[in-house]
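This report describes a structural model, shown below, in terms of its confidence, sheet, core and chain contacts.

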Amino acid sequence: MAELAGIPIHIEQPEAEPQQFGNALPILNEIRHALARFAERAEPTRIDLAAIPFGPGDEARLMALLGRGEVEATIDALGPTRVWETRFPGVWVLDYANVEGERIALQIEIDEVPQMLRTQRADITDSLAALDAALASATAADPAAESRH
Amino acid sequence: MATSKTLGESLRQHGVSRRGFLKFCAATASMMALPPSMAPAIAQALEKARRPSVIWLSFQECTGCTESLTRSFSPTVENLIFDVISLDYHHTLQAAAGDAAEHAREQAMNTNAGEYLVVVDGSLPGPNANPGYSTIAGISNYDMLMDTIDGAAAVVAVGTCAAFGGLPKADPNPTGAVSVQDLVKDKPVINVSGCPPVPMVITGVLAQFLTFGTLPELDEYGRPRAFFGQSIHDRCYRRPFYDKGKFAESFDDEGAKAGWCLYRLGCKGPMTYNACATMKWNGGASWPVEAGYPCLGCSEPDFWDAGGFYKALSVPTGSPGDVLLTAGAVGAAVGVGAGLMSRNQGKQAVKHHDKVTADQLEEKL
């Protein structure tokens, strides 16, 4: 029987640079146009990367080109959504994952603040009611509260 | 049964915040191949949407379509949607059996008359075929379909078998199989073809009905344009290689390793309309072409009889299918030019490797 070392196994080394299929630069151009629109007319844009025919390495190339900026946030709703500003201010990446951490959508948003990070109007109304309720119950439970009025 | 609770209420009861809902809508827009700017409109429509009753009929099928749906990366948007539609009858997924199962179907039909959706996977023996080839609870597939669609709002044919006849209808079609659209003439039929279809496409079509209460725009084969509007070839990340005339000539040559175009290995991408190239499979992990395998054209009519899976489109198929011949001829015209360009590269590829070629593989099969 052959020794383990005698079995000719050829292991190919992973390439140093990820393979590129040239599908990243057109998106970068699209982002550039969207950014110009935002600069001129304050018109926000969202680009859904699921609709883009990316090959292996294309997404990594795009993300490397966009880089990371100063802001990073995680939204915990139906699983984590990671949001970060790229090294080009106003260009944001939104990486949506489900509760198991698997990606369900990947979007680029060109805006001052991504829609997802803003507090919604309806939530502010609910929030006011919730705060009032919390204040009322805290006041009722606090014997010293009466004297402070 | 369908409940009167709206989707918005249902989600909030499950502890989903408005941000969570917005995220759900962003993912739904992506799933329905709508522009991301549609997310607020979807949110508004979904807030008011009511859970529709869905009756799922499985006829001459392999359960691959249900597998595709349920083995998608769960729990995710699909599950959310399935929490919020009312799936009242599904052989494989329902707990009830025998009479109880059939009663569930009848009850769903009576309670939601005129409003329920019928989803069909699998072809069925036509009205002139022996009904004994496929029955459920002693009812022939034909009778069950006709009875069930009577009060339906619309019919969704899921998978190539239901949409076009698929494998059961392949030559010599021993069971006299026909597709749903061959039989259903007085109700809207939406074909979601594929063997199996991309899970997100199945749920995307259901989501669209749920969201807007309307049927999607369809192509000439009754497929939703949002998902079947562009060819695999046009959306393929390997397209730049096709344009440069760089082709893999065998499954293990240098071209294959470098990720060149699989056209000459039989890729049916140029004549196949589906969403695989962008939505991909297994949670967006990959898809056949990315795995180095040519597209089989499984979402097109009569793809089983379209000649060899490993024969380039430019090779005459001898198939009786008019559609495929026409598509093949167009592919051939395009392919000849590109093929000539790549002849030298082909010779080089052969020099590197001559172990297994597509033709040899075909012979072995």
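This is a predicted model: local features need pLDDT of at least 70, side-chain atom pairs count only at pLDDT 80 or more; totals for chains, interfaces and linings use all residues.

## Confidence and domains of chain A

Over chain A as a whole the mean pLDDT is 85, with 86% of its residues at 70 or more.

Chain A is divided into two parts, domain 1 (25–115) and domain 2 (119–149). A distance of 38 Å separates the C-alpha centres of domain 1 of chain A and domain 2 of chain A.

## The sheet of chain B

Chain B contains an open sheet of five strands with parallel pairing, in the order β2-β1-β3-β7-β9. The edges are formed by β2 (86–90) and β9 (189–192) of chain B; each has a single partner strand, so one side of each is left without a neighbour in the sheet. On average, neighbouring strands of this sheet are turned by 20° against each other, direction ignored.

Within the sheet, strand β3 (residues 116–121) of chain B runs parallel to strand β7 (residues 152–158) of chain B, and six bridges join the two. In this pairing B:L117 is found opposite B:A154 of β7(B).

## Helices packed on the sheet

Helix α6 (residues 98–111) of chain B packs on the sheet and touches β1 (53–58), β2 and β3 of chain B. The direction of α6(B) makes about 135° with that of β2(B). Another helix, α11(B), lies across β3, β7 and β9 of chain B and runs at about 155° to β9(B).

In soluble globular proteins, nonpolar side chains tend to be buried together. Here the largest nonpolar core has 110 residues, and those with the most contacts inside it are B:C25, B:V118, B:V120 and B:A157. Helix α11 (residues 199–212) of chain B provides the largest share of this core, eight residues.

Not counting residues up to four places away in sequence, B:C25 touches B:A39, B:I42, B:A43 and B:L46.

## Contacts between the chains

Where chains A and B meet, 31 residues of chain A are in contact with 30 residues of chain B. On the side of chain B that touches chain A, the elements giving two or more residues are α2 (18–31) and α15 (276–279) of chain B. The largest share of that side of chain B, nine residues, comes from α2(B).

Technical notes. Residues are numbered from 1 along each chain as its sequence is written. Chains are lettered from A and ligands numbered from 1 in the order in which they are written. pLDDT is the predictor's confidence in each residue, from 0 to 100. A nonpolar core is a set of buried Ala, Val, Leu, Ile, Met, Phe, Trp, Tyr and Cys residues joined through C-beta atoms within 7 Å. A residue is buried if 20 or more other C-beta atoms lie within 10 Å of its own, exposed if 12 or fewer, and partly exposed in between; C-beta atoms are placed from the backbone. Helices (H or I, at least four residues) and strands (E, at least two) are DSSP runs, numbered from the N terminus. Two residues are in contact if their C-beta atoms, placed from the backbone, lie within 7 Å. Two strands pair if DSSP finds at least two bridges between them. Axes are lines fitted to C-alpha atoms, for helices over the stretch in contact, and angles run from 0 to 180 degrees between N-to-C directions. Domain bounds come from an automatic or database domain assignment.
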